[in-house]
Amino acid sequence: MQNKRGGRLSYSQQASSQRGRQAIISRQLPNALDAMIPYKGWKLYFPDEVYSFASPTVSKVKQFETFFKNRLHSYDKDGIERNGCISVGYHELLKDEDILGQLPDLITELRDMPEKIISCLGLAIHQVLTEDLERQAAILQNQSQSEDDANGSMSTSPPIIVSLPIIHARYRHNKFLV
């Protein structure tokens, strides 16, 4: 290996150069990996947990996503986004047959690791709302593009990026506030 002046680098200089390149790569790597995570809010809710599609956390989040998708019409989506919370009835959650069928230990997990379950609920509603907003944005963008095409405009709009803040969670009086 040569230095900028054409001379050879010492082994310590080569090692230092390698470490510098590895540091740059390792700083870039998380961003590249983050882009592959299907949950935009994963790092907000699980900053210390590496995403794995087969993890128990992901399976819980998926189950809670289904729970929220089935009830999305009954929630004030703008209020959830504005306030950063959603109220989920403890009994409503535990009466859901799909939840109990897929998560039979939920009651025990709520008692033994409530922060984990609340984070799963938070990420699930975050994902459901993000997908809903992305769908709405795409519809509006297509309408706008159609109007532009009808007017003879050849410009294309850049994609709309949806980014929700974290939806905080608390357990209070037999209700989850996610």
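Eight helices and three strands make up the secondary structure of the protein, in a model that is predicted. Read from the N terminus, the order of the elements is α-α-α-α-β-α-α-α-α-β-β.

**Fold and surface**
- The protein has 178 residues, and 33% of them count as buried.
- Among contacts in the protein with a separation of 6 or more, 64% are between residues 24 or more positions apart.

**Arginine 71**
- Helix H3 spans residues 56-71 and includes arginine 71.
- Arginine 71 counts as buried because its relative accessibility is 17%, and the cut-off for buried is under 20%.
- The side chain of arginine 71 forms a polar contact of 2.9 Å with the side chain of glutamate 92.
- A polar contact of 2.8 Å also links the side chain of arginine 71 to the side chain of aspartate 96.
- When neighbours within four places in sequence are set aside, arginine 71 is in contact with Glu92 and Asp96.

**Cysteines**
- The whole structure contains zero disulfides.
- Cysteine 85 has a relative accessible area of 33% and is therefore partly exposed, as this value falls between the limits of 20% and 50%.
- Cysteine 120 has a relative accessible area of 0% and is therefore buried.

Technical notes. Residues numbered from 1 in each chain as written. Predicted model: local features only at pLDDT ≥ 70, side-chain atom pairs only at ≥ 80, totals over all residues. Heavy atoms only, no water. Helix = DSSP H or I, 4+ residues; strand = E, 2+ residues; numbered from the N terminus. Buried < 20%, exposed > 50% of the residue type's maximum accessible area, 1.4 Å probe, protein only. Polar contact = N/O pair within 3.5 Å; in protein donor to acceptor, adjacent residues only side chain to side chain. Contact = heavy atoms within 4.5 Å. Disulfide = S-S within 2.5 Å.
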